[in-house]
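Student: Could you walk me through reading a model like this one, feature by feature?
Tutor: Gladly; let us look at it together.

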Amino acid sequence: MEIVYVYTKKREEFGRQCNFTDRTAESLVDIPVDETLKESFIERNPCESAIQCAPEMSEHEVNTERFETQSRGINHVEGGWPKDINPAEVEQTMRFRKKVEKDEVYIQAIQQLGSVMEHTIKQNNAVDIYEEYFDDMAEDGCVEPPSAKTINVFRDPNEHKRSAANISWYPDNAQKLAVAYSVLEFQRSPPGMCMDSYIWDVESPNKPDMTLKPISPLVCIEYNPKDPHCLVGGQYNGQLAFWDTRKGSQPIEVSAISNSHSDPLYKCIFLTSKTGTECFTTSTDGQVLWWDIRKMAEPTETLILDLAKGDKPTLGGISLEYESTMPTKFMVGTEQGVVLSCNRKAKTPADRIVANFSGHYGPVYALQRNPFFPKNFLTVGDWTARIWSEDLRESSIMWTKFHRSYLTDGCWSPARPAVFFTSRMDGCLDVWDYMFKQNDPTLSLQVCDEALNCLRIQDSGSLLACGSHSGNVTLLELSESLSQQQRNEKASVTQIFERETKREKILESRYRELKLKERAKSQQEERPAEDDGEDASELVDEADKNFWFTVEQEKIGIEKKEKAAEQ
């Protein structure tokens with residue numbers, strides 16, 4: 001039924017304001033009940049339902065997909081020529097140039113620009129815009145507190161995570177770094193484990209720049225400093241592999257397994273040579289082998305690390321050190337805690353091992369000479385890092401405190417002679433600055449919650465890469481206070497090393513004196529003859545004189561330095 005109610009209004013009242021008034025309620029329409037519609041409906045019994053006033057919420061976690069980037073090159077060709085002229089044809093381009101040079105518009109443009117260019121050239125010749133006005137003024141020391149920040153993290157893309165065993169920086173710049181991945185625990189490799197290692201671009205952490213495919217997992221890797229496209233890798237099975245990045249992921253050549261190491265190849269270093277293709281390696285099988293990567297069928301030389309001069313090797317090599325300024329000398333750090341100083345050009349094989357330095361209770365994982373003072377070198381092993389001098393073989397001249405966790409690697413800063421770095425099993429990176437303090441590290445960073453296996457600093461001294469147990473490589477940028485040499489730092493470090501070396505010499509001579517006294521006392525008790533007593537007393541007197549003479553010379557040297565400083 002349709003209900004209609006009509007409102008009427010005069011035309012003259014249109015547009016006026018509406019006035020509302022109260023009125024009594026009235027019934028407009030009355031609809032009676034239709035009993036026939038009752039059959040179309042069903043009665044519903046009353047029901048109760050509980051309602052919670054608090055909003056119901058749920059928590060979800062979503063891992064976004066990783067965005068992979070890829071770099072591609074573009075070949076730029078010469079442009080700006082008409083379509084009918086080929087830029088590669090010299091005759092066509094010369095003919096077109098002569099035609100343009102005869103054009104009046106071209107001649108007018110050159111004449112107008114010539115006067116402007118002449119004025120600019122005269123102005124540049126009159127004022128040297130590159131002149132340095134404050135070259136003679138010394139720079140103020142950096143007051144920035146030591147710090148480091150994480151730039152990138154490079155993760156092992158494989159399902160089975162492996163340890164980052166070794167890192168090598170690209171020689172020309174800090175754009176790339178090569179990382180060797182392997183599982184170093186004996187017989188802990190999962191079945192079907194990937195054996196690839198990678199070269200990473202510093203600015204692209206999502207995808208490796210290149211993949212290296214060895215026949216056995218790589219334990220160490222090293223770029224050729226003379227050819228940045230070539231690098232070598234030491235494999236877990238003892239073989240040495242050589243890659244040329246311009247020729248793909250497969251190794252160009254691999255050493256014969258019968259002439260290689262019988263244990264994992266832990267360290268490889270390139271030598272300074274005319275060809276730039278010579279390197280030497282070491283392993284825990286007790287051998288040091290020299291190679292030429294152009295012919296890797298067999299090593300060119302072999303050295304057995306045998307202090308006892310016996311047939312069986314007694315010491316296993318883990319780390320190597322080579323200084324280009326001393327091409328015939330090298331050093332080997334062993335798993336027995338002994339550092340061997342060797343000479344490659346010795347006359348006999350027995351004379352190749354010149355000296356040994358004992359001070360660690362475990363393997364020497366890192367061994368490096370100071371870049372500014374080659375006579376002093378750093379060793380890292382057990383719970384300490386030690387600084388040695390070649391003049392002293394009995395003990396180190398400086399050492400760090402004993403840490404709660406094991407030390408795994410270390411290196412000197414190439415920019416500052418007083419700074420070195422150590423990594424620990426608890427995931428901490430320690431930065432030591434002996435110009436700041438010597439008892440504790442200047443800066444300690446908790447890089448990760450797992451063990452740090454290796455670290456490598458770039459040649460500029462501002463970028464440091466750390467490899468962890470699960471294959472994550474963290475790239476850190478050091479502050480200027482840790483990467484720029486301070487005023488008079490080199491002279492101060494020289495004084496520190498000389499002072500500590502002389503102190504150890506005095507203590508060593510005193511220790512020898514006490515040993516002579518004990519020997520003399522035991523000889524008197526065993527042989528009470530007067531002659532033996534006189535000989536022993538002469539030895540003691542001579543040792544006593546030598547000791548006090550060394551002390552007096554040290555005092556005289558200190559007084560001379562103080563007088564020279566006052567003048």
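Student: What should I know before I start?
Tutor: This is a predicted model, where local features need pLDDT of at least 70, side-chain atom pairs count only at pLDDT 80 or more, and totals for chains, interfaces and linings use all residues. Residues are numbered from 1 along each chain as its sequence is written, and side-chain values use heavy atoms, with hydrogens and water left out.

Student: How many helices and strands does the protein chain have?
Tutor: Helices (H or I, at least four residues) and strands (E, at least two) are DSSP runs, numbered from the N terminus. Here the protein chain has five helices and 28 strands.

Student: How do I read burial, and what share of the residues is buried?
Tutor: Buried means under 20% relative accessible area, exposed over 50%, and partly exposed in between, with a 1.4 Å probe and protein chains only. Of the 567 residues in the protein chain, 39% are buried.

Student: Which residues touch the most other members of the largest nonpolar core?
Tutor: In soluble globular proteins, nonpolar side chains tend to be buried together. A nonpolar core is a set of buried Ala, Val, Leu, Ile, Met, Phe, Trp, Tyr and Cys residues joined through side-chain atoms within 4.5 Å. In the largest one, with 18 residues, they are Leu378, Ile387, Met398, Phe420, Tyr434 and Phe497. Strands S19 (376-381), S20 (384-389) and S22 (407-412) and helix H4 (489-526) each give two or more residues to this core. H4 supplies the largest share, three residues.

Student: How does S18 pair with S19?
Tutor: Two strands pair if DSSP finds at least two bridges between them. S18 (residues 364-369) runs antiparallel to S19 over five bridges, and a hairpin of six residues joins them. Alanine 366 sits opposite valine 380 in S19.
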